[in-house]
Amino acid sequence: MKPIKIFFDKTGNTLNVWFDDPEKEFMAEETSEEIVLIRDKNKKVIGFEVLNYLSSSDLKDLKKLPVKTEILT
């Protein structure tokens with residue numbers, strides 16, 4: 001199983017989550033909820049980007065991005 005990659009761009013206020021190699025990106029499709037689906041050449045979703053991830057007040061005071069993980073069974 002490949003690790004999930006998570007990137008936060010504070011300047012652009014975007015959160016990117018990758019399930020596969022970002023180099024495989026072929027196309028991006030914006031949804032109506034400020035989510036961009038990232039697909040490979042076979043149209044498989046390999047990641048997504050969340051636009052305007054944090055509010056301006058949260059962004060201003062941001063020192064660390066909290067991340068919580070769980071494995072559900």
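Guide: Phe 48 is partly exposed, with a relative accessible area of 24%; the class lies between buried, under 20%, and exposed, over 50% (1.4 Å probe, protein chains only). This is a predicted model, in which local features need pLDDT of at least 70 and side-chain atom pairs count only at pLDDT 80 or more, while totals for chains, interfaces and linings use all residues. Residues are numbered from 1 along each chain as its sequence is written, and side-chain values use heavy atoms, without hydrogens and water.

Rings of Phe, Tyr and Trp (its six-membered ring) pair if their centres lie within 6.5 Å; planes under 30 degrees apart are stacked, over 60 edge-to-face, and the rest tilted. The count by this rule is two aromatic pairs. In one of them, the ring centres of Phe 19 and Phe 48 are 6.0 Å apart and the planes stand at 45°, so the pair is tilted. Phe 19 sits in the loop between strand E2 (14-18) and strand E3 (27-30), and Phe 48 in strand E5 (residues 45-50), 29 residues apart, so that distant parts of the chain are linked. Strands are DSSP runs of at least two residues, numbered from the N terminus. Phe 19 is also partly exposed, at 38%.

Strands pair if DSSP finds at least two bridges between them. E5 runs antiparallel to E4, joined by five bridges, and Ile 35 has Val 50 in E5 as its bridge partner. Five residues separate E4 and E5 in their hairpin, where Lys 43 in the turn has a positive phi of about 70°. E4 (residues 35-39) also pairs with E3, antiparallel over four bridges.
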